[in-house]
Amino acid sequence: MRRGGRWPWQPYAAAGSAGPRGSPPRTLWVPGWALYGGVGPAALPPFSLPRYRASRGGVPLPSLGSPSPPAPFTHGPREDKYKMRGAASPGSPCRRKRRGSRVPTGEAWSRGGRGTLFTAAVWSFAREQAQLKASVVEKDTEEWQKDSSFAGLERVGGVDLSYIKGDDTRACASLVVLSYPALEVLYEDCRMVAVSAPYVAGFLAFREVPFLVEAVQRLQQEEPGLKPQVLLVDGNGLLHPRGFGVACHLGVLADLPCIGVAKNLLQVDGLVRDELHREQIRSLQREGDTFPLTGASGRVLGMVLRSYNNSSKPLYISVGHRVCLETAVRLVKSCCRFRIPEPIRQADIRSREYIRKQLCSPLEVISSGPERALCPRLGKVVGDLVCFRRQR
């Protein structure tokens, strides 16, 4: 039954708005719960969106830059009071609500929720990613890169982020700098960080790269003479759904040559881990053997490298920034004592060790809750319990 010139499932229009069909082309439709808890237009990231309508319960925001949100619903996180009576609650954007349905808090979207604010964040990420991608340089820019033995290369950096198992909001960001070609550690920086950005497949850089950029900036301020000449990143570069992975993102923001080194194949542009791919991997008989990753578009997105004789699992090398693919493969090959290149391996080892020390610290354990019961036994089980890896 139609009420007040609209169907019950249609959202209410804001003051001065003609409704969904008469709204401006840049109107953003967000669910009513997005306005609770102080979350409104002012809290949305500054980006552009075409008209987006939620499935139900939406409120149009005529301007993305509105300085103040509509009056929030004051009844609380539940709407049992109005249930299914058909009358709109004060300030509520919806006429009807299911009995006892919970309204997510303003922070729910940042913890993996899939509401409209989450979708808005993805649009924002995609726009910024496209802007930064224009700055990627896919060729050698340094003199040492043009030499077959890398004469002039003295410092190689590696970065890594290790999470506490069971808690994807706390992690250790690690940066190490190794001498080249001796591969001895010259500098290390490990910091516990609070990760608040949501994890979105294909946009991991927005969750982790800010902490890695800060680590590079601290190094430039504290020990400018140890600044790495190239960074090896545990992740992908151009081998990415939008051609801009973690290695590209970090390279552009830090303005350093970067190489993406992944342990698993990211299936993009027609690349799949099928029987043909497995057969190609089996054809890598010796350390240093490679084959290219050519997408359906015909573009070579990366190279598969067998980095260690005692391991049949290959590495997936891709360009990050200010380096060509051939140079990237040669450098990674020269940095491998084991399967994983030494700069990344040392960053991973030291970040895990730092987490172990933090969990064993009484001050940290008291504030962390669940780990308190594990602390007396951490010496025996920490290696299996503390860290986990997330595919980049």
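Is Asp255 buried, partly exposed or exposed? With a relative accessible area of 48%, Asp255 is partly exposed. Keep this residue in mind as we walk through the model, which is a predicted one.

**The chain as a whole**

Let's start with the overall picture. The protein chain has eight helices and eleven strands. Of its 392 residues, 48% count as buried. Among contacts between residues at least 6 apart in sequence, 67% join residues at least 24 apart.

**Two helices side by side**

Now look at helix H2, residues 205–222, and helix H3, residues 246–254. Two packed helices are described by the angle between their axes and the distance between the axes. Here the angle is about 40°, and the axes of H2 and H3 are 10 Å apart. H2 and H3 are therefore oblique to each other, and H2 passes H3 in a right-handed crossing.

Which residues of H2 and H3 make the contact? From H2 come Ala205, Phe206, Val209, Leu212, Val213 and Val216, while H3 brings Val246, His249, Leu250, Leu253 and Ala254. Sorted by class, this contact between H2 and H3 has ten nonpolar residues, one polar residue and no charged residues.

H3 is also mostly covered, as eight of its nine residues are buried. The buried residues of H3 are Val246, Ala247, Cys248, His249, Leu250, Gly251, Val252 and Ala254.

**Backbone details worth a look**

Most residues other than glycine have a negative phi, and most peptide bonds are trans.

| Residue | Phi | Loop | Relative accessible area |
|---|---|---|---|
| Asp255 | about 55° | between H3 and strand S7 (258–262) | 48% |

Asp255, our opening residue, follows H3.

Pro181 sits in the loop between strand S4 (167–179) and strand S5 (185–194).

**A buried arginine in a loop**

Where is Arg322 placed? Arg322 is in the loop between strand S10 (315–321) and helix H5 (325–334). Arg322 counts as buried, because its relative accessibility is 15% and the cut-off for buried is under 20%.

Arg322 and Thr141 are 181 residues apart along the chain, yet their C-alpha atoms are separated by 5.7 Å. Leaving out residues up to four places away in sequence, Arg322 touches Val137, Lys139, Asp140, Thr141, Glu142, Gln145, Asp255, Leu256 and Pro257.

**Cysteines without a bridge**

A disulfide is a covalent bond between the sulfur atoms of two cysteines. How many disulfides does the structure hold? The number is zero. Take Cys335 as an example: its sulfur is 7.1 Å from the closest cysteine sulfur, in Cys336, which is too far for a bond. Cys335 is buried, with a relative accessible area of 0%, whereas Cys360 counts as partly exposed at 42% relative accessibility.

Conventions
Residues numbered from 1 in each chain as written. Predicted model: local features only at pLDDT ≥ 70, side-chain atom pairs only at ≥ 80, totals over all residues. Heavy atoms only, no water. Axes fitted to C-alpha atoms, helices over the stretch in contact; angles between N-to-C directions. Helix = DSSP H or I, 4+ residues; strand = E, 2+ residues; numbered from the N terminus. Parallel < 35°, antiparallel > 145°, perpendicular 65-115°, else oblique. Left-handed = near helix turned anticlockwise from the far one by under 90°. Contact = heavy atoms within 4.5 Å. Nonpolar A, V, L, I, M, F, W, Y, C, P; charged D, E, K, R; others polar. Disulfide = S-S within 2.5 Å. Buried < 20%, exposed > 50% of the residue type's maximum accessible area, 1.4 Å probe, protein only.
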